[in-house]
Amino acid sequence: MERGAALLRVRARASGRDRAAESESSSSSLREERLRRHTGRSGYGGGRSAPLAGQYHSSDFDYEEHALNAGRVLLEKERGAGGHGWASTAEEVAERVVEQGDTWERFHRKVNSTARFFKEKRYILQEFPGLLDPTTRRVCEFGCGNGSSVVPVLKGNPAAHVTALDFSPSAVEHTRRAVEAEGFEPGRFAAMVRDLSSDPVDEADAMAGTFDAVLMVFMLSAVPPEHMDKVLRNALALLKPGGRAYFRDYGRHDLTQLRFPLDQRLGGGHWYQRKDGTLSYFFDLEDLKSRFEGAGFACGEADYVCVELYNRKKDEEMRRVFCHGVFVRPELN
Ligand SMILES: C[S@@+](CC[C@H](N)C(=O)[O-])C[C@H]1O[C@@H](n2cnc3c(N)ncnc32)[C@H](O)[C@@H]1O
């Protein structure tokens with residue numbers, strides 16, 4: 001009896017070991033499979049070494065399915081918080097959202113002052129081939145940050161002149177330096193400080209109606225929702241009839257939204273505040289289209305970009321969701 005029991009225990013231990021070995025080998029083959037799938041891929045960061053062609057990924061997973069699961073995760077999180085913890089009334093939101101110009105200036109002065117932070121966003125040339133078209137001569141970037149989009153546009157389109165705008169003087173300075181470091185002719189570039197959500201562009205503005213393209217890369221998500229309309233109307237006013245606004249920003253149910261602590265949420269919607277005071281809004285396509293159309297644009301393209309990234313160290317897959325859009329200023333009748 002005892003021997004039998006002992007044997008059973010040994011067998012149980014052995015089969016436990018077998019299972020452990022089995023699951024170890026299946027998890028290592030899963031890891032290998034993940035590594036194989038993710039090696040050499042691009043689609044999101046597009047840093048200096050990112051490939052320009054062939055390996056670009058933009059639809060790694062089904063958005064609807066992801067949104068369903070992610071929506072459940074968000075709901076669970078809310079239930080766990082018992083409906084409390086974030087700024088829900090207009091007064092609470094106003095109290096938290098202080099002057100964004102100062103907040104971004106602090107960010108660019110501190111965080112953004114190292115060359116290490118600078119990564120060319122070369123993927124925008126793939127996302128927006130119109131930027132490479134030789135007829136796209138005058139490009140304006142809204143919220144240029146440190147110049148990570150301006151530089152690839154100047155490199156990719158030798159016919160382009162780029163005007164970079166940002167309300168942070170340090171951002172404008174970083175962009176100017178990044179452009180100078182590449183040695184472009186000074187005549188191809190201008191940069192200036194401008195608050196795009198408060199100073200309306202009118203007909204007296206020398207830049208009104210002069211641009212073939214306005215580029216907005218992770219800019220609108222940094223603007224309080226009630227001011228987004230002003231930014232979009234300014235973009236429309238700066239474009240020539242037929243000119244295009246190229247848009248890339250955070251999409252609803254992006255990994256970074258799911259990771260935001262609930263107490264950083266603003267107004268009960270899909271809007272959050274980072275610890276440094278800057279804002280992050282997560283767009284869905286209907287919301288995005290209605291904002292652009294409400295400002296007078298026609299929608300050319302609007303889509304989710306779904307990119308699965310892989311963290312080798314943590315052996316973790318991460319689902320990033322971005323919104324892609326091309327919006328057109330209608331021709332005059
Ligand atoms: C998230 S960063 C993106 C920077 C850059 N486009 C990029 O993709 O790296 C947002 C940028 O928009 C600028 N910005 C935010 N609101 C603005 C406004 N109302 N007028 C002008 N610039 C603004 C900020 O200073 C910041 O440089």
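The structure is a predicted model: local features need pLDDT of at least 70, side-chain atom pairs count only at pLDDT 80 or more, and totals for chains, interfaces and linings use all residues. Residues are numbered from 1 along each chain as its sequence is written. The protein chain has ten helices and nine strands; helices (H or I, at least four residues) and strands (E, at least two) are DSSP runs, numbered from the N terminus. Of its 333 residues, 34% count as buried. A residue is buried if 20 or more other C-beta atoms lie within 10 Å of its own, exposed if 12 or fewer, and partly exposed in between, with C-beta atoms placed from the backbone.

**The sheet**

- Seven strands form an open sheet in the order β3-β2-β1-β4-β5-β9-β8, with mixed pairing; two strands pair if DSSP finds at least two bridges between them.
- The edge strands, each pairing on one side only, are β3 (189-193) and β8.
- On average, neighbouring strands of this sheet are turned by 15° against each other, direction ignored.
- Strands of a sheet pair through backbone hydrogen bonds, either parallel or antiparallel.
- Strand β1 (residues 138-142) runs parallel to β2 and is joined to it by five bridges; Phe-142 has Leu-165 in β2 as its bridge partner.
- Five of the six residues of β2 (residues 161-166) are buried, so this strand is mostly covered.
- β8 and β9 are paired in the antiparallel sense, over 13 bridges, and Glu-308 stands opposite Arg-319 in β9.

**Helices α4 and α7**

- Two packed helices are described by the angle between their axes and the distance between the axes.
- The axes of α4 (residues 100-110) and α7 (residues 169-182) come within 7 Å and cross at roughly 40°; axes are lines fitted to C-alpha atoms, for helices over the stretch in contact, and angles run from 0 to 180 degrees between N-to-C directions.
- α4 and α7 are therefore oblique to each other (angles under 35 degrees count as roughly parallel, over 145 as roughly antiparallel, 65 to 115 as roughly perpendicular and the rest as oblique).
- Glu-105, His-108 and Arg-109 in α4 are in contact with Pro-169, Ser-170, Ala-171 and His-174 in α7; contact means that the C-beta atoms of two residues, placed from the backbone, lie within 7 Å.
- By class, this contact has two nonpolar, three polar and two charged residues (Ala, Val, Leu, Ile, Met, Phe, Trp, Tyr, Cys and Pro count as nonpolar, Asp, Glu, Lys and Arg as charged, and the others, Gly among them, as polar).

**Around the ligand**

- The ligand is surrounded by 19 residues, and the closest are Trp-104, Gly-143, Gly-145, Phe-167 and Ser-197; a residue is near a molecule or strand if its C-beta atom, placed from the backbone, lies within 6 Å of it.
- This shell has ten nonpolar, seven polar and two charged residues.

**Single residues**

- Phe-218 has a positive phi of about 50° although it is not a glycine, and its place is in the loop between β4 (211-217) and α8 (225-238).
- Asp-315, also not a glycine, has a positive phi of about 50°; Asp-315 lies in the loop between β8 (298-311) and β9 (316-328).
- Lys-289 is in helix α10 (residues 285-294) and is partly exposed, with 17 other C-beta atoms within 10 Å.
- Not counting residues up to four places away in sequence, Lys-289 touches Cys-299 and Ala-302.
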